[in-house]
Amino acid sequence: MISDYYSIEQLDKLSGVARVRLNRDSAVYKGHFPDNPVSPGVCNIEMIREVAETVHGGRLRIRRIKQCRFTTLITPLIHRELEVRVMLQEQEQGHYRLTGTLGEGEAVYMSLKADMTDE
Amino acid sequence: MIFRNEEIYDLIPQRPPIVMVDVVWSVSESEAETGLTVTEDNIFVKEGTLREPGIVEHIAQSAAVFAGYGSFVRHEHPKLGFIGEIKDCVIHKLPTVGQELRTHIIFVTEVGGIRLINAEVRGNEELIAQCTMKIFLKDD
């Protein structure tokens, strides 16, 4: 699976806060969209998932996206770095409720509520 | 009217390597039926399975097919489309390489230029995922 469209620059496991850097040279942005690079919504979800997996210390599978809102288009030309915040609450053995956001400072560009399980 | 491979570029603005629909079985003002064969070189395949973002992107692009049909019948280029919201997206199974996905998009309503659609993805008749999505098109 492609993963070169971003890199995690900094991550604090305790607070669940990470800084990610977007790589504008990734092939993803060549196709989405030609001459108009926009981070695909699903790639934003994937950034949150990877931060959640690192915080959790193991692989997580998305079972249900309860709600995911995209309020600002993210483009690597403007948004070089973003802040990811995750909170993972265990509901029962191996089942987790994820709340995550992608943004900058106070501004939230995308929010995600999902149910996940250990993989 | 069936669209295959590059013919789909008349309906959606996405281009390789992130094209996640390889056949459009039918499309109209109210619904669309699309497909994707999961291949090893798909950018969302990991260890032989199509991962969650790949399934959701396939749904988003199937919705884009539906949204792009309006431009197509007017002989215009497809507009850029974006996901506004994903709701109640249940991923039952992760499809494996070689599997053919078949996806049904049903148009629910349009409010202020935002289209609400329901999607159902099946593979070998088995339910893979269900989803409600809001998408909006960017005007040129």
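Reader: Is B:Asn5 buried, partly exposed or exposed?
Author: This is a predicted model. In it, B:Asn5 has a relative accessible area of 46%, so B:Asn5 is partly exposed.

Reader: Where in chain B is B:Asn5?
Author: B:Asn5 sits in the loop between β1 and β2 of chain B.

Reader: And what is the phi of B:Asn5?
Author: Phi is near 45 degrees, which is positive, and B:Asn5 is a residue other than glycine. Most residues other than glycine have a negative phi.

Reader: What about B:Asn124, what is its phi?
Author: About 50 degrees, a positive value, although B:Asn124 is not a glycine. B:Asn124 lies in the loop between β8 (114-123) and β9 (126-137) of chain B.

Reader: Is B:Asn124 buried or exposed?
Author: B:Asn124 has a relative accessible area of 61%, and the cut-off for exposed is over 50%, so B:Asn124 counts as exposed.

Reader: Switching to peptide bonds. Which residue does a cis peptide bond join to B:Pro16?
Author: B:Pro17, with omega about 5 degrees. B:Pro17 is placed in the loop between β1 (3-4) and β2 (23-27) of chain B.

Reader: Which residue is joined to A:His32 by a cis peptide bond?
Author: A:Phe33, and omega there is about 0 degrees. A:Phe33 is in the loop between α1 (27-31) and α2 (41-56) of chain A.

Reader: Now the two chains together. How many residues are in contact?
Author: On chain B, 32 residues are in contact with 30 residues of chain A. The two chains bury about 2700 Å² between them, and 59% of that is on carbon and sulfur atoms.

Reader: How many salt bridges and polar contacts are there between chain B and chain A?
Author: There are four salt bridges between the chains. One salt bridge is between the side chains of A:Arg69 and B:Glu85, at 3.8 Å from N to O. Between chain B and chain A there are also 14 residue pairs in polar contact, with both residues at pLDDT 80 or more.

Reader: Which elements of chain B give two or more residues to the side that touches chain A?
Author: They are β4 (45-46), α1 (52-73) and β6 (81-91) of chain B. The largest share, eleven residues, comes from β6(B).

Reader: What kinds of residue are on that side of chain B?
Author: They divide into 17 nonpolar, four polar and eleven charged.

Reader: Which strand of chain A pairs with β6(B)?
Author: Strand β3 (residues 60-70) of chain A pairs with β6(B) in the antiparallel sense, over five bridges. Among the residues involved, A:Cys68 has B:Ile86 in β6(B) as its bridge partner.

Reader: What does A:Glu83 touch?
Author: Leaving out residues up to four places away in sequence, A:Glu83 touches A:Val17, A:Ala18, A:Arg19, A:Thr101, A:Leu102, A:Gly103 and A:Gly105. The side chains of A:Glu83 and A:Arg85 are also joined by a polar contact of 3.2 Å.

Reader: Which strands pair with β4(A)?
Author: Among them, strand β2 (residues 17-22) of chain A runs antiparallel to β4(A), with five bridges. A:Ala18 stands opposite A:Val84 there. Strand β5 (residues 95-104) of chain A is also paired with β4(A), antiparallel, over nine bridges. A:Arg85 has A:Thr101 as its bridge partner in β5(A).

Reader: How many residues are between the strands in the hairpin of β4(A) and β5(A)?
Author: Two, and A:Gly94 in that hairpin takes a positive phi near 80 degrees.

Notes. Residues are numbered from 1 along each chain as its sequence is written. Chains are lettered from A and ligands numbered from 1 in the order in which they are written. This is a predicted model: local features need pLDDT of at least 70, side-chain atom pairs count only at pLDDT 80 or more; totals for chains, interfaces and linings use all residues. Side-chain values use heavy atoms; hydrogens and water are left out. Contact means heavy atoms within 4.5 Å. Buried area is the accessible area (1.4 Å probe) that two parts lose on being put together, summed over both. A polar contact is a pair of N or O atoms within 3.5 Å; within protein, one must be able to donate a hydrogen and the other to accept it, and residues adjacent in sequence count only if both atoms are side-chain atoms. Helices (H or I, at least four residues) and strands (E, at least two) are DSSP runs, numbered from the N terminus. Ala, Val, Leu, Ile, Met, Phe, Trp, Tyr, Cys and Pro count as nonpolar, Asp, Glu, Lys and Arg as charged, and the others, Gly among them, as polar. Two strands pair if DSSP finds at least two bridges between them. Buried means under 20% relative accessible area, exposed over 50%, partly exposed in between (1.4 Å probe, protein chains only).
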